[in-house]
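Dear colleague,

I am passing on the structure below, and my notes on its charged and aromatic side chains follow it.

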Amino acid sequence: MPAEQDVLLRGLEAFAELGYDRASARELARRLGVSHTFINDRYGSKAAFWRAVVDAALGAQVTRLAPAVPGSDDEDVVRRFVTDFYRINIGEPYLAVLMADESARDTERLDYLCRHYIEPALALVAPSTERLMASGRMVRVPMDVLFFAIITPVSGLVQEPLARRLGRPEHMSHAERLARADALAGLVVDGLLAPSDANRR
């Protein structure tokens, strides 16, 4: 019987590669190397297994995003949030694929992701972005635009096949990956904080 951590990691790979609907309980069991009744016996249902997989993958990420220290400069809060988010996501291609797939579907699973992970993560940085926009230090955009401006670029850190075709070395050290994450965070945050004509008026 595989260890719980291995079960959840393989489950993440399966849901990312197949999508939720095509990941039948039988196919999941085959990929996990367990009996066809394992998912129902251990988790109760495929939906409950999906939640366990997501909780294991995203729960660790959200807890690693530090809340703002009272009195911190709002620009520093945003920069740290984006940098930490990109650093945490290094080497998480399956999670990125799962999130992209689920984000395009209007389902209870997306409600679960928003309620338990997306909204709590945004709550860490939203007050700072609102104050920066109000003061003219950040380009004023709707929250949905801001979310995608920050979150979507993470694909550049995890989509290795395309990145290699665009010149990324095939073998990179962890330090080199962190440097890329930091460079991407700087590019994104500097763009958000760049003064615009709208902010000058």
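E160 counts as buried, at 14% relative accessibility, where buried means under 20% relative accessible area, exposed over 50% and partly exposed in between (1.4 Å probe, protein chains only). R168 is likewise buried, at 12%, and E160 forms a salt bridge with R168 whose closest N and O atoms are 3.2 Å apart; a salt bridge here is a side-chain nitrogen of Lys or Arg within 4 Å of a carboxyl oxygen of Asp or Glu.

Please bear in mind that this is a predicted model, in which local features need pLDDT of at least 70 and side-chain atom pairs count only at pLDDT 80 or more, while totals for chains, interfaces and linings use all residues. Residues are numbered from 1 along each chain as its sequence is written, and side-chain values use heavy atoms, with hydrogens and water left out.

The search of the whole structure finds 14 salt bridges. Among them, D101 pairs with R105, the closest N and O atoms being 2.9 Å apart; D101 is partly exposed at 23%, and R105 is partly exposed at 39%.

As for the aromatic residues, F15, Y20, F38, Y43 and F49 form one cluster, rings being paired if the centres of Phe, Tyr or Trp (its six-membered ring) lie within 6.5 Å, with planes under 30 degrees apart counted as stacked, over 60 as edge-to-face and the rest as tilted. Within this cluster, Y43 and F49 are both buried.

Best regards
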